[in-house]
Amino acid sequence: EILMSTLFFDYFKDRCLNDKMSGAKFDDFYEFASTHIFKLIEENKINEFNPNTFLFMLKQFCSGNQFGYLLNSEDEKIKTLDEQRFVVIDVAKITDDKILYGIVSVLAMDLYNQKISKLPMNVVKILCVDEAWQAFASPEMAGFLKKQVKIVRKYGGRTIFISQELDDFISSEVLKESIINNSAIKIFLDMKSFSAKFDVIQTVMGISDVNKAKILSLNDPKLMEGKPKYKEVCICTGSHGAVYAVEVPYEIGAIFETNADNVVEMENLIHKYGSVELASTIYAENKRNA
């Protein structure tokens with residue numbers, strides 16, 4: 001670990017002092033490492049490290065090799081990621097690829113840390129983790145999130161964890177011991193399908209009996225009879241819990257739609273009119289007039 005830290009430090013020191021950071025990419029780092037690693041080993045008389053094996057592993061990320069496209073991109077959008085207000089990193093398709101998932105996880109961590117360090121304190125930085133189990137499947141990402149939850153508030157940051165899987169919140173030690181304990185706000189949607197296991201949820205989440213009753217009453221058909229169509233949500237802040245009615249405008253719902261038939265309808269409208277905004281407006285009017 002010390003050897004790697006020294007190698008990275010020397011690389012960036014050399015590039016910064018010689019004004020060569022512009023256009024830096026992995027090929028450049030590999031070229032530097034292929035000579036400097038031997039110098040470090042010789043100077044420090046290191047015998048337990050095989051530099052040839054190390055360079056062989058790195059080479060697959062050089063241009064022309066298996067993962068050469070990953071760290072050598074000249075895409076302007078990637079270069080300016082730390083300047084974007086809203087960034088989505090979708091790892092759903094690469095969770096089974098240990099190499100890709102590991103790299104993307106590290107890049108995501110670095111991107112968020114850059115935003116924390118560069119943006120003013122009065123700018124709220126939000127890290128939202130959807131489908132939490134995917135993030136915690138990686139020990140590196142789990143450790144990163146555990147640390148971030150504890151320190152991010154000091155820098156004007158917020159963390160949000162979302163999951164439809166009960167086990168995400170009751171089986172993960174990281175979630176139970178660090179994240180849940182440090183979460184001042186907990187938001188619950190309809191939990192009827194988990195009513196048989198709710199005692200476990202109540203214990204892990206620290207929910208009072210009063211708030212438990214509120215949560216299990218969400219979207220009760222008897223209570224909602226004769227009322228406009230909406231969904232209920234229970235927001236718990238500390239020991240206080242309150243139920244709110246939420247009605248999503250069709251225009252917004254259209255953009256985040258997951259129902260297959262409605263998605264096809266939206267896609268057809270986008271193809272016809274060439275604009276997401278116009279398509280969502282027409283989609284909304286069609287729904288209201290149905």
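Is Phe188 buried or exposed, judged by relative accessibility? At 6% relative accessibility, Phe188 counts as buried, where buried means under 20% relative accessible area, exposed over 50% and partly exposed in between, with a 1.4 Å probe and protein chains only. The model is predicted, so local features need pLDDT of at least 70 and side-chain atom pairs count only at pLDDT 80 or more, while totals for chains, interfaces and linings use all residues. Residues are numbered from 1 along each chain as its sequence is written, and side-chain values use heavy atoms, with hydrogens and water left out.

Phe188 belongs to strand S3; helices (H or I, at least four residues) and strands (E, at least two) are DSSP runs numbered from the N terminus. Leaving aside neighbours within four places in sequence, Phe188 is in contact (heavy atoms within 4.5 Å) with Met205, Ile207, Ile215, Leu218, Val233, Cys234 and Cys236. Cys234 lies 46 residues away from Phe188 in sequence, yet their C-alpha atoms are 5.2 Å apart.

The sheet itself comes next. Three strands form an open sheet in the order S3-S4-S5, with antiparallel pairing; two strands pair if DSSP finds at least two bridges between them. Its edge strands, each pairing on one side only, are S3 (185-188) and S5 (240-246). Neighbouring strands are turned by 20° against each other on average, direction ignored. Strand S4 (residues 231-237) is joined to S5 by 7 bridges, and Cys234 has Val243 in S5 as its bridge partner.

Helix H10 (residues 198-205) has Phe198, Ile201, Gln202, Val204 and Met205 buried. After H10 comes Gly206, with a positive phi near 70°. Asn211, in helix H11 (residues 209-216), is also buried, with a relative accessible area of 3%. The Asn211 side chain reaches the backbone oxygen of Ser239 at 3.1 Å. Not counting residues up to four places away in sequence, Asn211 touches Cys236, Ser239, His240 and Gly241.

Helices H14 (residues 260-273) and H15 (residues 276-289) pack at an angle of about 130°, their axes 8 Å apart. H14 is therefore oblique to H15, since angles under 35 degrees count as roughly parallel, over 145 as roughly antiparallel, 65 to 115 as roughly perpendicular and the rest as oblique. Axes are lines fitted to C-alpha atoms, for helices over the stretch in contact, and angles run from 0 to 180 degrees between N-to-C directions. Residues of H14 that meet H15 include Leu269 and Tyr273, and those on the H15 side include Ile282 and Tyr283.

Conventions:
A polar contact is a pair of N or O atoms within 3.5 Å; within protein, one must be able to donate a hydrogen and the other to accept it, and residues adjacent in sequence count only if both atoms are side-chain atoms.
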